[in-house]
Amino acid sequence: MSKDAVNTAVAAPHNDAAQVPADAGDAGYSKDLKARHVNMIAIGGAIGTGLFLGAGGRLHNAGPALAIAYLVCGIFAFFVVRALGELVLYRPSSGSFVSYAREFLGEKGAYVAGWMYFLNWSTTGIADITAIALYTHYWSMFTSIPQWTLALIALAVVLAVNLISVKIFGEMEFWFAIIKVATLVGFMFVGIFLLATQHKVGGQTPGLGVVTDNGGVFPHGLMPVVLVMQGVIFAYAALELVGVAAGETAEPEKIVPRAVNSIMWRVGLFYVGSVVLLALLLPGSVYSADESPFVTVLSKIGVEGAGDVMNLVVLTAAMSSLNSGLYSTGRILRSMAMAGSAPKFTARMNRSQVPYGGILLTCAVCVLGVGLNYLMPSQAFEIVLNVASLGIISTWVIIMVCHLIFVRRAKAGLVSRPSFRLPGSPVTEIATIVFLLACLGMMWNDPEVGRKTLLLIPVIAAMLVGGWYAIRRRVAKAEDQELAELTK
């Protein structure tokens with residue numbers, strides 16, 4: 001719903017504040033996602049390659065203090081999801097934060113939110129299919145198959161799953177998440193056993209001595225910990241999927257609070273707990289960006305096949321991310337198309353009530369990624385991952401800005417806040433926005449990749465401005481039609 005339409009809708013007396021505006025983009029969806037699906041989508045979004053693979057290089061650079069970085073970033077990520085959860089209970093929508101941006105920031109805000117999110121997931125999709133191809137090459141039976149071919153096969157498989165039905169998507173995400181959680185729980189049991197029995201790992205006795213004898217919690221000082229946060233925050237990307245999934249569940253008021261609240265302790269247990277264990281088992285200098293830290297530990301105690309098992313898990317995490325990206329962008333683009341700010345065909349749905357138009361558009365961009373894998377197989381992953389970082393930070397900032405305006409309108413009596421609320425507003429939102437922008441600014445300290453990524457911001461801004469002038473008449477027409485329907 002457009003900003004003007006909302007203003008018209010809320011022009012009623014304050015005692016009608018509970019009247020919630022509708023979003024045309026929410027019509028036609030099935031409600032087949034169950035509580036277990038949404039819960040696992042939430043945890044699956046929080047656990048991915050950022051932990052299974054990325055933690056190795058970050059432990060090497062920051063040492064045991066990486067656990068603090070994960071905790072701090074996890075708290076701010078929780079604030080974002082909690083704010084989104086409150087907006088979901090106010091008005092569940094498959095358009096999620098794009099729909100809320102339309103209501104609280106106007107059509108321009110929804111336009112920016114939607115296309116930046118599309119930029120995030122379409123480029124993340126390229127990174128995912130690149131990662132899948134690289135992980136598959138780990139096994140000798142696949143090394144003869146070109147990287148671009150494996151990337152194309154992975155894309156085709158996940159596309160097929162997404163187009164069948166939302167229930168199949170939910171089941172696939174459920175089992176992907178089960179694999180990731182089971183792996184982490186299994187490793188944590190092994191790590192706790194090694195600590196309890198003082199079993200040597202790589203010739204060293206695990207425990208606090210591993211930390212104190214190798215430079216302490218901050219072996220390289222505070223600055224590496226600060227700099228590593230720019231990567232840690234991206235490890236939590238996809239937590240906002242809870243908001244999108246809520247639009248296709250029958251009882252969001254029951255399911256969403258449970259899923260959102262569970263994120264905090266899961267982050268504490270799996271991210272912070274795993275990193276603490278890793279730091280107590282081996283010095284940070286032993287870990288590397290080229291190998292999963294879990295494989296490093298297991299190989300040091302002579303576990304055969306650890307590399308194969310963890311490679312399968314990381315492969316699963318990349319497939320899960322690709323699956324989620326196609327799902328969420330399909331719903332977001334449909335919400336935008338209904339308002340005129342995305343191509344008309346992205347509003348189309350198939351017989352299974354799946355918005356296939358938006359999914360296919362995301363796949364088209366991912367196919368360009370297949371070409372990137374063909375032309376630059378060694379650089380494809382790094383190039384697109386940094387572009388995706390701009391998308392996720394802008395998305396989270398927009399969510400917090402929307403929540404600030406929502407709370408302000410609630411205080412004015414224009415809308416009603418649900419009982420499930422973000423604590424500490426408006427301080428919480430402002431602190432989160434400042435933190436996210438600081439993470440973005442810290443990318444400037446990386447001249448090789450981060451600085452070049454930041455230099456893309458003016459280019460992206462120019463493209464957004466040009467795109468808006470190209471579609472503004474269509475948006476105005478859609479807005480007028482919606483207003484006409486409201487006043488009938």
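The model is predicted, so local features need pLDDT of at least 70 and side-chain atom pairs count only at pLDDT 80 or more, while totals for chains, interfaces and linings use all residues. Residues are numbered from 1 along each chain as its sequence is written, and side-chain values use heavy atoms, without hydrogens and water. Helices are DSSP runs (H or I, at least four residues), numbered from the N terminus.

**Helix packing**

- Helix H5 (residues 66–90) and helix H13 (residues 252–281) have axes that come within 9 Å and cross at roughly 175°; axes are lines fitted to C-alpha atoms over the stretch in contact, with angles from 0 to 180 degrees between N-to-C directions.
- H5 and H13 are therefore roughly antiparallel to each other, a term for angles over 145 degrees.
- The contact of H5 with H13 has 20 nonpolar, three polar and two charged residues. Nonpolar covers Ala, Val, Leu, Ile, Met, Phe, Trp, Tyr, Cys and Pro; charged covers Asp, Glu, Lys and Arg; the others, Gly among them, are polar.

**Core and buried positions**

- The largest nonpolar core has 155 residues; such a core is a set of buried Ala, Val, Leu, Ile, Met, Phe, Trp, Tyr and Cys residues joined through side-chain atoms within 4.5 Å.
- H5 contributes the largest share of this core, 16 residues.
- Residues with the most contacts inside the core are Ile47, Phe52, Tyr70, Trp115, Tyr236, Val297 and Trp396.
- Beyond four places in sequence, Trp115 touches residues including Leu333, Met336, Pro343 and Leu464; contact means heavy atoms within 4.5 Å.
- Thr362, in helix H16 (residues 356–375), counts as buried at 1% relative accessibility; buried means under 20% relative accessible area, exposed over 50%, and partly exposed in between (1.4 Å probe, protein chains only).
- In helix H14 (residues 293–300), six of the eight residues are buried, Val297 among them.

**Backbone features**

- Most residues other than glycine have a negative phi, and most peptide bonds are trans.
- The Ser425 to Pro426 peptide bond is cis, with omega near 5°; Pro426 is in the loop between helix H17 (380–411) and helix H18 (427–442).
- Gln198 has a positive phi near 55° and lies in the loop between helix H9 (166–197) and helix H10 (208–212); its relative accessible area of 41% makes Gln198 partly exposed.
- Gln353 has a positive phi near 65°, lies in the loop between helix H15 (306–338) and H16, and is partly exposed at 31% relative accessibility.

Terms used. Helix = DSSP H or I, 4+ residues; strand = E, 2+ residues; numbered from the N terminus. Parallel < 35°, antiparallel > 145°, perpendicular 65-115°, else oblique.
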